[in-house]
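Visitor: I've got a fold open on my screen and some questions about it. Could you walk me through it?

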Amino acid sequence: MTLLVSAAATYGLRVVLIALVPAHRLPAVLRRGLAHLAPAALAALVVTALVGHRGAAALVVPGPMHLALAVAAVVAWRFRNPALPVLAAVAVMIVVEVLS
């Protein structure tokens, strides 16, 4: 029941925000901020995956995920393609798993 209520609330918010408040009617400050929403959400997901249950200390102790993240950052900076950094990070993690 909780899942159904959550799904209905999420769907309702999407419909309201898309149908009643289209992006072209938002103030300019909010429209400029919308462009940064997806990268910020992705960065939050990456940090959460990197830290996990180990806490903030996991950010400074180097590991294979740090290497994969660094490779993905270089590939993203160089090629500007959203799929290539993901593939590069997965490739690094596969190599690390095979070698260990």
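Visitor: By class, what does the lining of the largest pocket have?

Guide: Sort the lining by class, where Ala, Val, Leu, Ile, Met, Phe, Trp, Tyr, Cys and Pro count as nonpolar, Asp, Glu, Lys and Arg as charged, and the others, Gly among them, as polar. A pocket here is an open set of points on a 1 Å grid over the protein atoms alone, where a 1.4 Å probe fits, with protein on both sides within 12 Å along at least five of seven lines, and lining residues have an atom within 4 Å of a point. No polar and no charged residues turn up in the lining of the largest pocket, and the nonpolar count is 18.

Visitor: Before we go on, what kind of model is this?

Guide: Local features need pLDDT of at least 70 and side-chain atom pairs count only at pLDDT 80 or more, while totals for chains, interfaces and linings use all residues, and the model is predicted. Residues are numbered from 1 along each chain as its sequence is written, and side-chain values use heavy atoms, with hydrogens and water left out.

Visitor: Back to the largest pocket: what is its volume?

Guide: Grid points are joined across faces, edges and corners, and a volume is the space filled by probe spheres set on the points. On that basis, the largest pocket comes to about 500 Å³. Of its 18 lining residues, the closest to the centre are Leu42, Val46, Leu69, Ala72 and Pro85.

Visitor: Which helix gives the largest share of that lining?

Guide: Helices are DSSP runs (H or I, at least four residues; strands are E, at least two), numbered from the N terminus. At least two lining residues each come from α3 (37-51), α4 (64-79) and α5 (83-99). The largest share, seven residues, belongs to α3.

Visitor: How far does α3 reach from its first C-alpha to its last?

Guide: The expected span of a helix is 1.5 Å times one less than its number of residues. α3 has 15 residues, with 21 Å expected, and its reach is close to that: 21 Å.

Visitor: Is Val46 buried, partly exposed or exposed?

Guide: Valine 46 sits in helix α3. Buried means under 20% relative accessible area, exposed over 50%, and partly exposed in between (1.4 Å probe, protein chains only). Valine 46 has 31%, so it counts as partly exposed.

Visitor: What about valine 92, buried or exposed?

Guide: Valine 92 belongs to helix α5, and its C-alpha is 7.6 Å from that of leucine 67, 25 residues away along the chain. Its relative accessible area is 15%, so valine 92 is buried.

Visitor: Which residue other than glycine has a positive phi, near 55°?

Guide: Most residues other than glycine have a negative phi. The one to look at lies in the loop between α4 and α5, and it is exposed, with a relative accessible area of 65%. Its phi is near 55°, and the residue is arginine 80.

Visitor: Zooming out, what radius of gyration does the protein have?

Guide: The protein has five helices and zero strands, and its C-alpha atoms fill a box of roughly 55 × 40 × 25 Å along the principal axes. The radius is taken over C-alpha atoms, and the globule rule is 2.2 Å times the number of residues to the power 0.38. A compact globule of 100 residues would be near 13 Å, but the protein has 19 Å.

Visitor: How far apart are the C-alpha atoms of threonine 2 and valine 98?

Guide: Threonine 2 lies in helix α1 (residues 2-20) and, at 64% relative accessibility, counts as exposed. Along the chain, threonine 2 and valine 98 are 96 residues apart, and the separation of their C-alpha atoms is 42 Å.
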